[in-house]
Amino acid sequence: LEGHYAGVVTRLAAFAFDVFLIALLFSLGGTAAEYVISRLTGDDVSLSDAPVISAVAMVVWAFAYFAYPLACAGHTAGMALLGLRVTQVDGHDLRGRGAVVRTLALPLSFLVLGLGFVLILLRRDRRALHDLIGRTAVVYSWDARAAHLKFLAKRPPANRPPPAPLGPS
């Protein structure tokens, strides 16, 4: 399937994993920040007391979580786990500007009950609204995983003597 457009189920599973990871890491980071700030100020600090700051921090974190790995590697953690990669429409590697535009357009796909995602089902190239705006496509990319697994499964050359038995003979 390498190079074929990724289907809706695989994309949804990768996105769900990414959302879980965003929430988990934000929660851990927020707890650490509360602890550090509390220690520095001597007051009991809770980010839930500042919902606007927490919301802004979450949006900034989610943006960074999606945009940075897409710009650097062409995939997020969820995409990498499921063998997906984001490319430019012409098949070239995604660049920083494309990753930022795609990430900024992602919320638009959620508008009007997620109709931007329905395009994945309707289009042959499986591109959602944010893919169209960012001029990107999500494809299967199993090449690195297959090469890694093939390396692990390699057998020693036939001309090599068998290993010596362990223990006393």
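## Salt bridges

Let's start with Arg 123, which is partly exposed at a relative accessible area of 29%. (Buried means under 20% relative accessible area, exposed over 50%, and partly exposed in between, using a 1.4 Å probe and protein chains only.) This is a predicted model, where local features need pLDDT of at least 70 and side-chain atom pairs count only at pLDDT 80 or more, while totals for chains, interfaces and linings use all residues. Residues are numbered from 1 along each chain as its sequence is written, and side-chain values use heavy atoms, with hydrogens and water left out.

Arg 123 pairs up with Asp 125 in a salt bridge, 2.9 Å from N to O. (That term means a side-chain nitrogen of Lys or Arg within 4 Å of a carboxyl oxygen of Asp or Glu.) Asp 125 is buried, at 14%, and also meets Arg 127 in a salt bridge of 3.5 Å. Arg 127 is buried too, with 9% relative accessibility.

Elsewhere, Arg 85 and Asp 93 form a salt bridge, with their closest N and O atoms 3.9 Å apart. Here Arg 85 is partly exposed at 22%, whereas Asp 93 is exposed at 56%.

## A kinked helix

Now for helix 4, which covers residues 96-122. (Helices are DSSP runs of H or I with at least four residues, strands are runs of E with at least two, and both are numbered from the N terminus.) Where is its kink centred? Look at Val 112, where helix 4 has a kink of about 125°. (The bend at a residue is the angle between axes fitted to the seven residues ending there and the seven starting there.)

Methods. The expected span of a helix is 1.5 Å times one less than its number of residues.
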